[in-house]
Amino acid sequence: MKPKLIIGIVSIIVFTSLLMYNFGNSISTYVNFEEAEARTSSHVVGTWDSTGEYGFSRDTMQFSFHMKDRAGNVRKVIYPRPKPNNFEQATQLVVIGEMRNNVFYANEMLMKCPSKYNDSPDFEKASTIES
Amino acid sequence: MIAEAGRWFLNFAFLFSVCSMGLYAFASVRNNKKVERISNWFWGFKGVFVLGASIALIYLIMTHQFQYYYVWNYTSLDLETKYLFSAFYGGQEGSFMLWIFFAFFVGLGLIVWTRKPYRAPVMFVMAMTQFFLLSMIIGWDFGFTKIGASPFRTIAQEMPNAPFLQANPDFVPQDGTGLNDLLKSPWMMIHPPIIFVGFSMMTVPFAFAIASLWTKTYHEWIRPALPWTLAANLSLLTAIFLGGYWAYETLSFGGYWAWDPVENASLVPWLIGTAGIHAMIIQRKSRRAHKASLFFAILAYVSIIYQTFLTRSGVLADQSVHSFVDLGLYNQLLAFILAVTIMGIGFYLYRYKELPTPDKESKFLSREFMTFTGAMLLFILGLVIILGTSSPILGKLFVDNPTPPEIQFYNNWSMPIAIIMALATVVGQYLFWERHSWESLAGELITPLLITSTVSVVSIVLGNVTSIYYMIYIFAGWFTVIGNGTVLVRLLRKNPKLVGGTITHIGFGLLLLGIIASSVYTVPMLDPQTTNYNTRIEQGEVFDDEGFPITQKVEMFELKVNQPKLVNEKYMVTYEGYELTNSPRPGQQNYRLRFEPIDGGEVFYMSPEVYPMLTSSGPNGVDWSVDPHVRTGMVKDIYLYVAGSKYVEQRNEEFERNAQNESMMPVGNQDEEQTEEQEDSQIIELSRGETKSVGPFAFTFRNFVPASEEALPENTQIGIRSLIHIEHESSGRAFEAEPLFAVYTEDDRSYTYSPPIEIKEWDMNVLFSKVRPESDSIELTVYGLDENFEEDWVLVVAEQKPFVSVVWLGTFMLMAGFSISIFRHWAREKNTAEKN
């Protein structure tokens, strides 16, 4: 074999394994609130629990709400930014952050919103009109 | 009726695409001109049918026929005409139609301009992609399986189990759900068409690559394919730019790029297409790299279909803020990507042995080697991004239920690749126009290197850059700009037609510089109090109620009306109030913030907006959306939005109260409200010149003022006004009012007349209810005087982003460079075509 080919193959292998190693480290898995207690940084998927108190506090400059994860655990979530647009309409929330003392401190929050990409119809508003 | 026609148009279009695909295949195999001509007719008719179907859909949208799911889901009665039109491609089905439509035109162009022997096989590939795309929207239901989702399906077909439809199958909703407010932007109107123009044109290099493998003519295909690829890349770049600009201007995440899967999905085809352009240029110039240009041409289209698969199949649903609805097209999309991949890569491997190989390896210091390195680096960057974006699939190798990679993953890989690319562009450009040995190249590069070093040091010092890594990156960026700039100056003297590539590379260098400045050196704009608080958080001195240290910094501040705050030790910022404009969106508030540079610069105003999202607000609550204001500057942008305000809070409280009242269903509700209003009034007695404080306000009775006759009722006996000064004590805001008091007679009885004067800002009504001439005093009745009254306030999130302008400038230079190259290669291709 030509030395150039060997160098090429070796560098491809090195590059790929480095890339995959790094990729594997930079992704993590979605967990629920209970599992998040044992971790330093977690992604939790869930929905907003509208029965609990929620809102932005101008004293602490934080937005807090209660979220129910997929396993049904409800925890308070604190988000250090204003309430995001469409918060109430989000069909799903992903919070990224840390669990401390039963409170989840989110550094980031993603919302899956209906709207344009919506396929969950809600016909309540126009109910009895016939044509 | 119209919808029925539309459905038939689509069916016919689909059948014709099948026919033309078969006929083109036949024409290619048998090399039959006559069949080819017939298939061209089929292609044309298919276009007419697609046009017919599009007109039908637009007609349904324009006439508000909400019994059709697509019309109901994406439009509403109040939508402006231009947005009604753009709703045509607002959803998945319509956007497929638009794509098909543009690809049809590209096909027409190919029929007219393509030379033998490529025409028939190229058109076969075009017809095949049309076949797959059309299959996504024909909506054939065989009972056991469905093919495609028709834009003409009714809501009854969409939701057969909805109770109101079972009760009344002919139900037609009165209004549609409307278009998302965020998308009501001119940028978003033109963004999708440009993307699909790009997608359609990127089919061309793929088609030519297949045709070249088919006809075993491996060299000539790039001449016609190169201008198409350049044009496709220009479209994709423009679309990416529009998307980024829209995100920056309208969304509150505060940037033009977030490594969101959907954004990545548009970037990867561009990167691979650009890699392909590099390979094609080597092939055209030096008759080598045939393998690479075929490979990249195939891969660019595969990556487009792959990104379509990722964004439209529902795979990314959890990860992206804006992936499309899952229409159940997963299997069809999978079939499409497999067909394209197997056809492209399979055919490529099948012919691999026959592909021309260069006689000898190219030297390290040659334009071939450098250009090829550029292509490879672009390809590798594309691969890294594909890997990250595919995390829902590939991440399963590592964990169950994988999350997207951290942003750091993308940054860590793209930065070193970009640095090497940057250096390669300069060396590559020098070698592209002249042969060089190490010595001569070093000699040429001395001056640019010296200038680069000086400029880099200056920017590092001015920008206060501390990281060595960033220093290298900045150096690489400047080197690209200055090195390529030197080449540009020489080319301009010799032959200005050739500058396309050089301009693109300068644009790339500017982009690198702009990206680092605007992302790493963005600083939040805060008042001194918040800054102090953040310093304390940094030092771990702030604790929450449970005794845990708070680690999250506060990146916003509050402003009370007319009470300026010093921000970033640079601007006195004053909130001057808001205006309910109701325009262009109902319920919109325009906030006014005055920025006065303390070093005596020019005063300017920022006017962010807040508005209720109509599509998602209901009777029980408003869903507020913000529209940031970006003040664009050469050196820095100021990005600002209102994250909360007194008005918004009050409206929310109102809605909450209403919701509670409704749920309690009170019998005597109205009386209650009336009594409440009466309780609200306060009586204030003032003698002339006296000031009295009530709650947070101070009332002063200055003097009596004569009342003019027009304002008085008939038969007035006494008519007098009082000059009142009302001040909100903590803010110093004050109003003067002249309420009227009159006594008139009607039917021999005396009545008093004291019309209220409204002070809108405080929601207050002042009445001059009595006059006591004997004590020279008056009595005022004040409604709506709130003991807990608080001045108007806003919460502001503001950022200072240096050199975003350079990002745009770099992008524009890339676009300009591509455009110049398109013209050059197109003209050359036409010349050869005419000679033949």
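Predicted model: local features only at pLDDT ≥ 70, side-chain atom pairs only at ≥ 80, totals over all residues.
Colleague: Now to chain B. How do you know that strand 13 and strand 22 of chain B pair?

Modeller: Pairing takes at least two bridges between two strands. Strand 13 of chain B and strand 22 (residues 777-783) of chain B have 6 bridges, in the antiparallel sense, so they count as a pair by that rule. Within this pairing, B:I684 stands opposite B:L780.

Colleague: Why are strand 13 and strand 20 of chain B said to stand at the edges?

Modeller: The open sheet has 4 strands in the order 13-22-21-20, with antiparallel pairing. Strand 13 (682-687) and strand 20 (757-759) each have a single partner strand, so one side of each lacks a neighbour in the sheet. Neighbouring strands here are turned by 30° against each other on average, direction ignored.

Colleague: And what makes you speak of a kink in helix 17 of chain B?

Modeller: The bend compares an axis fitted to the seven residues ending at a residue with one fitted to the seven starting there. At B:I446 in helix 17 (residues 438-463), the kink is about 40°, shortly before the proline B:P448.

Colleague: Which residues of helix 17 of chain B are buried?

Modeller: They are B:P448, B:T452 and B:S456.

Methods
Residues numbered from 1 in each chain as written. Chains lettered and ligands numbered in written order. Helix = DSSP H or I, 4+ residues; strand = E, 2+ residues; numbered from the N terminus. Axes fitted to C-alpha atoms, helices over the stretch in contact; angles between N-to-C directions. Buried ≥ 20, exposed ≤ 12 C-beta atoms within 10 Å, placed from the backbone.
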